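Please keep the sequence and the structure in view while reading.

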Amino acid sequence: MERTAFVSAANISERLAQPPSLAISTVIFALRPSEKTGRPTLWLPLVKRIREPFKDMWALPGGPLTQADSLQDAAARNLQDTTGLAPSYLEQLYAFGGLHRSPSQRVVSIVYWALVQSAEAEQAQESENVQWFRADGLQELAFDHNEIVNYALWRLRNKMEYGSIAYHLLGEKFTLAQVREVYEAVLNRTLDPANFRRQLTQTAHIEPTDEFLQGGKHRPPRLYRYTGAGGDAESGGSLTDDDAPPGHPPSRL
């Protein structure tokens, strides 16, 4: 017994002396039709773990950070390897480094989030071990990935209030109703169509085109385009004090 206790204490001491392992995780948001209503809803792909810890549980795409990759390159590579996607919007979200987020070695994960258009998401690779799930109401995930997804949702919804981020989930041209559907899917609530249309048409960088959406039963709606800056993705991804929700101090990467 004394020998066992000594070895156990030595192993723990040795493990605590080791530097943390660095990893990259990614949260990928896309709009997909609801299975019940057919209306756009927010989804993300998850990967089933094939080894311990948390074997057979679902987790965010990710992996260890290698010496050869930059942070952003590692995130992009993980996305490509697991889903086949190469989204244009890829932003550093946060660093998660809780002491007990992994039961074996301490792991610090630098998390990126990506937005992909519906047409892109339809091309994503799916298999027994890579599947898409509704972003709201996820089952228990491996590690602290539920917390990561909740934080990414908070960040996305916060950005919807003031930025152009909604247009990364749409094609180059869109109807005003399609923009409202993006907001409703992300915010997970219904918006008044008339008020939303009035506010949107008064917004800068929303330009009507001479084209109309064809194929419907009613009068075809006009198509619009976004003419603002190319995106809200923040190079480097560091957050300010105002960016972090209660309980999450800003990261210092």
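Why is strand E1 (residues 21-33) largely enclosed by the rest of the structure? In this predicted model, 10 of the 13 residues of strand E1 are buried, so the strand is largely enclosed by the rest of the structure; buried here means under 20% relative accessible area.

## Pairing partners of E1

Strand E1 runs parallel to strand E6 (residues 107-115), to which nine bridges join it, and within this pairing Val-27 has Trp-113 of E6 as its bridge partner. With strand E4 (residues 62-64), E1 pairs in the antiparallel sense over three bridges, and there Ser-25 stands opposite Gly-62.

Strand E2 (residues 40-48) is also antiparallel to E1 and is joined to it by four bridges, with Pro-33 standing opposite Pro-40 of E2. E1 and E2 form a hairpin in which six residues lie between the two strands, and Gly-38, which is in the turn, has a positive phi of about 80 degrees.

## The sheet of E8, E10 and E9

Elsewhere in the chain, three strands make up an open sheet in the order E8-E10-E9, with antiparallel pairing. Its edge strands are E8 (173-174) and E9 (206-212), each of which pairs on one side only.

Between E9 and strand E10 (residues 222-226), which run antiparallel, there are four bridges, and Pro-208 stands opposite Tyr-224 in E10.

Key:
Residues are numbered from 1 along each chain as its sequence is written. This is a predicted model: local features need pLDDT of at least 70, side-chain atom pairs count only at pLDDT 80 or more; totals for chains, interfaces and linings use all residues. Side-chain values use heavy atoms; hydrogens and water are left out. Two strands pair if DSSP finds at least two bridges between them. Buried means under 20% relative accessible area, exposed over 50%, partly exposed in between (1.4 Å probe, protein chains only).
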